[in-house]
Amino acid sequence: MAVVIDDVASYLATNSVGTVCTDLFKGYLPESPNACVAVLDTGGSQPNPDIPTKEPTFQVMIRSTNYTLGRSKLDTIRSLLHRQANVELVSGQTYFYFILAISEGGHLGRDDNGRDLFSINFHCRTQ
């Protein structure tokens, strides 16, 4: 079974958010490049013992040297993922009953190198 962040990263790559291992990363945010996106596993909700599903959560972080471009990328990612329902983002992989943004996402400030950081968190239910 595929890991949720793998499917999310592949889906974002398919929708021109970035290229996996070049400027779109799974599980970590590297020091370079300056402009990039990372999909991070953040755990999830307590499993329901009566329903055989999982409820993982994940975070998407965006780093940019330009506030406007970083905010635009955040909005694009939110539009691509929020309210997905009854889909496989990657054919033959994880089945998502739903993906919902936990918040609108926002600016976290700047890192030590002056690059703008943004994040948005999602909750999903998978098979």
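Q: Which residue's side chain meets that of E104 in a salt bridge?
A: This is a predicted model. In it, a nitrogen and an oxygen of the two side chains lie 2.9 Å apart. A salt bridge needs them within 4 Å. The partner of E104 is R78.

Q: How many residues apart in sequence are the parts that E104 and R78 tie together?
A: E104 sits in the loop between β5 (95–101) and β6. R78 belongs to helix α2. The pair therefore ties together parts separated in sequence by 26 residues.

Q: Is R78 buried or exposed?
A: The relative accessible area of R78 is 19%. Buried means under 20%. R78 is therefore buried.

Q: How many residues apart are E31 and R115?
A: Their salt bridge spans 2.7 Å, N to O. The pair links distant parts of the chain. E31 is in the loop between β1 (24–26) and β2 (36–44), while R115 is in the loop between β6 (106–110) and β7 (116–126). The separation is 84 residues.

Q: Which residue is buried, with a relative accessible area of 4%?
A: Consider the salt bridge between E31 and R115. E31 has 55% relative accessibility, so it counts as exposed. The buried residue, at 4%, is R115.

Q: Which helix holds both D75 and R71?
A: The side chains of D75 and R71 form a salt bridge of 3.2 Å, N to O. The two residues are four apart, about one turn of the helix. Both lie in residues 67–81, helix α2.

Q: What does D75 count as, at 34% relative accessibility?
A: Buried residues fall under 20% and exposed ones over 50%. The 34% of D75 lies in between.

Q: Are α1 and α2 roughly parallel or roughly perpendicular to each other?
A: The axes of helix α1 (residues 4–14) and α2 come within 11 Å. They cross at roughly 115°. Angles of 65 to 115 degrees count as roughly perpendicular. The two helices are therefore roughly perpendicular.

Q: Is the crossing of α1 and α2 left-handed or right-handed?
A: The axes of these helices cross at roughly 115°. The sense of that crossing is right-handed.

Q: How many residues of the contact of α1 with α2 are nonpolar?
A: From α1 come V8, Y11 and L12. They meet I77, L80 and L81 of α2. No polar and no charged residues take part. The nonpolar residues number six.

Q: Which residue follows α1 with a positive phi?
A: Within α1, the buried residues are V4, I5, D7, V8, A9, Y11 and L12. After the helix comes a residue with phi near 65°. That residue is S16.

Q: What distance separates the C-alpha atoms of Y97 and Q127?
A: Y97 is part of strand β5. Beyond its neighbours within four places in sequence, its contacts are T53, Q84, A85, N86, R125, T126 and Q127. Y97 and Q127 are 30 residues apart along the chain. Their C-alpha atoms are separated by 7.4 Å.

Technical notes: Residues numbered from 1 in each chain as written. Predicted model: local features only at pLDDT ≥ 70, side-chain atom pairs only at ≥ 80, totals over all residues. Heavy atoms only, no water. Buried < 20%, exposed > 50% of the residue type's maximum accessible area, 1.4 Å probe, protein only. Axes fitted to C-alpha atoms, helices over the stretch in contact; angles between N-to-C directions. Parallel < 35°, antiparallel > 145°, perpendicular 65-115°, else oblique. Left-handed = near helix turned anticlockwise from the far one by under 90°. Contact = heavy atoms within 4.5 Å. Nonpolar A, V, L, I, M, F, W, Y, C, P; charged D, E, K, R; others polar.
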